[in-house]
Amino acid sequence: MKFNKQDILKALEAISLAGEGKNMVESGAVLNVITFANEVIVDIKMTTPAMHIKKRAEQDIINTIKEKVSKDAEVKVNIKVEAPAKGDANLIKGKPVPGIKNIVAVASGKGGVGKSTVTANLAVTLAKMGFKVGVLDADIYGPSIPLMFDVFNERPLSVNVDGKSKMKPIENYGVKVLSIGFFTKPNQAVIWRGPMASKALNQLIFDAAWGELDFMLLDLPPGTGDIHLSIMQSLPITGAVVVSTPQTVALADARKGVAMFQQENIQVPVLGIVENMSYFTPAELPENKYYIFGDGGAKNLAEDLEIPFLGEVPLVQSIREAGDVGRPAALQTATPIEKAFEEITKNVVSETVKRNDTLPPTEAIKITTMAGCSAVKK
Ligand SMILES: Nc1ncnc2c1ncn2[C@@H]1O[C@H](COP(=O)(O)OP(=O)(O)OP(=O)(O)O)[C@@H](O)[C@H]1O
């Protein structure tokens, strides 16, 4: 007696493998069916190596063929275990942010190296170049963007977008701004856990009426903590700019910052390093350069890490003053500072374009293994 292969396949359609919605024929789990006299050999592939699931599948196949085709059939089942094709561990699930083309995180390992100053000046320079720009101040420890844009007394209003109530970013110098600082009291120390901060930031990005943006700059808190992981889990960051001074301690922390983005399960492309406070130039002696924090440190670090060096910003009094009065220094036209930021901004734009040409779009990363990190215990 020889059984018909089609009858066997029809019978196997009654079986679904654990964890798969489709029946085993439809899902492609049945690789081959051979019939010979009263022998039936079924080759299947499974994605799980678990012994009890393999056993159950084997038993189901034997029982079903005996029941639906013939009780005399001698059924042999060969199971091949194939691990499911693993995507890149990092790659990167999550939702794109409608209307926002690029999210660039500005980070620093060490605090106080001028990350917010660089963010603010990059933003106004991008706006001057004609890009649509937003700044999301995610520096939960010291949100200084409202001050640097002279909007610290403002509070975002609610607007109606497609029937939904959304937060309207505050706009100044052609840049849309939202900051965690708009929602905290100036004298209050807010202690955030990673997931809380990430939820607040999610609202600032997804529940806000940003409209169309070419660039959203994200002013990250200093350091490399679980807040950073939370942010990178919830937001699809296109690339990161790392700010450092040329000082050895700052460079050591910048190296850690770069390493964080490049970590295997994070893999946010690093667009490059900006060196801030590269040299001091007194206003009365504009040709003189004093390398008070060391010379060329960030450039060397960029070379060492094989990432682009985006440019240097001198330490000048007017940058500090401009930050304090809330009008980023790059807005002062025909100055060396405007030129320095133009150079850096052009480099950021071209590195972003290069990145978008060569890598798939980033989505919010999915951190799969980070034992001990409270931000990912979900
Ligand atoms: N190139 C510069 N020349 C002069 N002053 C600068 C320069 N860069 C930054 N500053 C000043 O240094 C101080 C710290 O800068 P900023 O707040 O941008 O640093 P940060 O890295 O964002 O700090 P934090 O770690 O608190 O987030 C500010 O008063 C700022 O005006």
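Let's start at Gly109, which sits in the loop between strand S4 (100-107) and H3. Keep in mind that we're looking at a predicted model. Gly109 has 24 C-beta neighbours inside 10 Å, and because 20 or more is the mark for a buried residue, it counts as buried. Setting aside residues up to four places away in sequence, Gly109 touches Gly223, Thr224, Asp253, Ala254, Lys256 and Gly257.

Is Lys115 buried or exposed? Lys115 has 27 other C-beta atoms within 10 Å, so it is buried too. Once its neighbours within four places in sequence are left out, the contacts of Lys115 are Val106, Ala107, Ser108, Asp219, Pro222 and Val243.

Both residues turn up in the UniProt record. Its "binding site" annotation, from an unreviewed entry, takes in Gly109, Lys110, Gly111, Gly112, Val113, Gly114, Lys115 and Ser116.

That brings us to the ligand. Which of the 20 residues around the ligand come nearest? They are Gly111, Gly114, Ser116, Thr117 and Gly323. Gly111, Gly114 and Ser116 are also among the residues that the UniProt annotation covers.

Stepping back to the elements of the fold, helix H3 (115-128), strand S12 (270-280), strand S13 (309-315) and helix H9 (317-325) each give at least two residues to the shell around the ligand.

Key
Residues are numbered from 1 along each chain as its sequence is written. This is a predicted model: local features need pLDDT of at least 70, side-chain atom pairs count only at pLDDT 80 or more; totals for chains, interfaces and linings use all residues. A residue is near a molecule or strand if its C-beta atom, placed from the backbone, lies within 6 Å of it. Helices (H or I, at least four residues) and strands (E, at least two) are DSSP runs, numbered from the N terminus. UniProt positions are given in the numbering used here, feature names are shortened, and annotations may be inferred rather than shown by experiment. A residue is buried if 20 or more other C-beta atoms lie within 10 Å of its own, exposed if 12 or fewer, and partly exposed in between; C-beta atoms are placed from the backbone. Two residues are in contact if their C-beta atoms, placed from the backbone, lie within 7 Å.
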